[in-house]
Amino acid sequence: MISSAVLTILAAASLTNVFPQVAPKDRFSFGGSNMLAAQIQQGAPADVFASANTKLPEQLYEQGLVEKPVVFTRNELILIVPKKNPADIHSVYDLRKPGVKLVVGAVGVPVGDYTRVVLHNLGLDDVLNSVVSQETDVREVLAKVALGEADAGFVYTTDARTVRGKVATIGIRWSAQPIVEYAVAVVKSSHHLAASRAFVKSLLGRTAQAKLRAAGFLPVR
Amino acid sequence: MIRRAAVWAAALVALAFLALPIVAIFARLSLTRLSTSVVSDALVVSLKTTFAAQALVLAFGTPAAYVLATHRFRGRSLVVTLVELPIVLPPAVAGIGLLAAFGRVGLLHTGLPFTQAAVIVAVAFVSGPLYARQAIAAFEGVDETMVAASRTLGASRAKTFFRVVLPLAGGGLGAGEALAFARGMGEFGATIMFAGSLQGVTQTLPLAVYQEFDVDFHTALALGALLVGVSAGLLITVKWLASSSTSALRFAASSSV
């Protein structure tokens, strides 16, 4: 019975490519983790919530909406530019050039918050003045850079891998990286609690972890 | 009698269904949220871009509609269909189309995306056809004998247009512009794809509602209430203007299908 339940999984946009491989039979709604959390607060029917940070599931846990969240994978940030690199950006410090069209996640969107941490760690807070658009999830940032409309954007390394050939990547030094941990939690209003708990457990299992690693995600420390 | 009661009941259900979401927005509204910078910035961006877009729609749409209404040529119905097409296009398709045409890597290689001008272009693209379609109908409804009489009495083409044709078509034009204005204020999909979303620059009221839904539901509600208020106020004003000019009245009646 448990195995026949099709779960509704609300998952961070950065998991768009890998989650359907991990759980091919389940239904997914991908988006900015903060939007998904807002949907759960508004009573959206869902079984599992996988967030690109730990803060949002912890908040829902404190509000009694989800069970105890578990960290299941990690990620890193990277700067991407279109393949043609119209603004001639070769290091994060080139973002200081005048007229650079930078696209970032909005405040509250996990990738947007991480981006601000990175810029702060690099002493580049002023670069936020070059932002031309604040996006509601990481895939919107990715799309605008891959399309060539924006000059640069901060995404997860795993996102950059999905558009190889369209973007060039510029690494961010280890010491400036924020802690990017993904947490997953079972939604308490789920009608498939047992299957949902099994899914969360399976995410930590060898098969799922191998698929996450193959997609470029990092193992839990 | 029973049949009549059923009709009334159905009408009441329809009314309640349409009114309830609006009532709910105001019922849960906390006015203090209206004073945040997100709200005031979005209001300013929305008003600026909507008025600019509607000025363009009127300036270019009126002559275009007049030409299409008064001339018969081969391929006219194809042109009219093209003008009307954006009305039925999903906004996301409009956004992709605008990027493909005016994006930096689009056909025309413009630097429009992410600028306030991009918002104006998106709003004009989705709302203009609503005005143009109504304007074509309004101009077609103008009594040709009145135009001929004006011309035989010695009035120039231009004078005839401004003194005879425009007042006669005014009601229809006003109704069309009211629709275009309301559609423009509510524009979302094409804008977020083509212009992005940045507070104070390209973030209009609908875009701010979308962003604030993730951040603070009550601010989203306040923005929604503002949008309802502004749209309703403008709609009522334009309708009142259209119906208060007596010559326009019968055309407003005949052209509102």
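This report describes the cores, strands and helices of a predicted model.

## Nonpolar cores

In soluble globular proteins, nonpolar side chains tend to be buried together. The largest nonpolar core in this model has 67 residues. Leu15(A), Phe19(A) and Phe154(A) have the most contacts inside this core. Strand β5 of chain A, residues 77-82, gives the most to the core, with five residues. Apart from this core lies another, of 34 residues, including Ala118(B), Val119(B), Val126(B) and Ala190(B).

The surroundings of Leu15(A) can be listed one by one. If neighbours within four places in sequence are left aside, Leu15(A) is in contact with Pro20(A), Phe30(A), Ala50(A), Phe72(A), Tyr182(A) and Phe217(A).

## Strand β5 of chain A

Six of the six residues of β5(A) are buried, so the strand is largely enclosed by the rest of the structure. In a regular strand the side chains alternate between the two faces of the sheet. In β5(A), Leu77(A), Leu79(A) and Val81(A) lie on one side, while Ile78(A), Ile80(A) and Pro82(A) lie on the other. Both faces are covered, and the residues named on each side are all buried.

Which strands pair with β5(A)? One is β8 of chain A, residues 152-156, which runs antiparallel to β5(A) and is joined to β5(A) by four bridges. Another is β9 of chain A, residues 167-170, also paired with β5(A) in the antiparallel sense over four bridges.

| Residue | Bridge partner | Strand of the partner |
|---|---|---|
| Leu77(A) | Tyr156(A) | β8(A) |
| Val81(A) | Ala168(A) | β9(A) |
| Val48(A) | Val186(A) | β10(A) |

Strands of a sheet pair through backbone hydrogen bonds, either parallel or antiparallel. Chain A has an open sheet of five strands in the order β2-β1-β3-β10-β4, with mixed pairing. Strands β2 (27-31) and β4 (70-75) of chain A stand at the edges. Each has a single partner strand, so one side of each is left without a neighbour in the sheet. From one strand to the next, the twist averages 20 degrees.

Within this sheet, β3 (residues 48-51) and β10 (residues 180-186) of chain A run antiparallel and are joined by four bridges. Helix α3 of chain A, residues 55-62, lies across β3 and β10 of chain A. The helix runs at about 140 degrees to β3(A).

Chain B has eleven helices and zero strands. Its C-alpha atoms fill a box of roughly 65 × 65 × 30 Å along the principal axes. Of the 257 residues in chain B, 39% are buried. Among contacts in chain B between residues at least 6 apart in sequence, 73% join residues at least 24 apart.

Two packed helices are described by the angle between their axes and the distance between the axes. Helix α2 of chain A (residues 33-41) packs with helix α9 of chain B (residues 205-215) at an angle of about 70 degrees, and their axes are 7 Å apart. That angle makes α2(A) roughly perpendicular to α9(B). On the α2(A) side, the contact is made by Asn34(A), Met35(A), Ala38(A) and Gln39(A). On the α9(B) side, the residues are Tyr210(B), Phe213(B) and Asp214(B). The residues of this contact divide into four nonpolar, two polar and one charged.

Key
Residues numbered from 1 in each chain as written. Chains lettered and ligands numbered in written order. Predicted model: local features only at pLDDT ≥ 70, side-chain atom pairs only at ≥ 80, totals over all residues. Heavy atoms only, no water. Core = buried A, V, L, I, M, F, W, Y, C linked by side-chain atoms within 4.5 Å. Buried < 20%, exposed > 50% of the residue type's maximum accessible area, 1.4 Å probe, protein only. Helix = DSSP H or I, 4+ residues; strand = E, 2+ residues; numbered from the N terminus. Contact = heavy atoms within 4.5 Å. Pairing = 2+ DSSP bridges. Axes fitted to C-alpha atoms, helices over the stretch in contact; angles between N-to-C directions. Parallel < 35°, antiparallel > 145°, perpendicular 65-115°, else oblique. Nonpolar A, V, L, I, M, F, W, Y, C, P; charged D, E, K, R; others polar.
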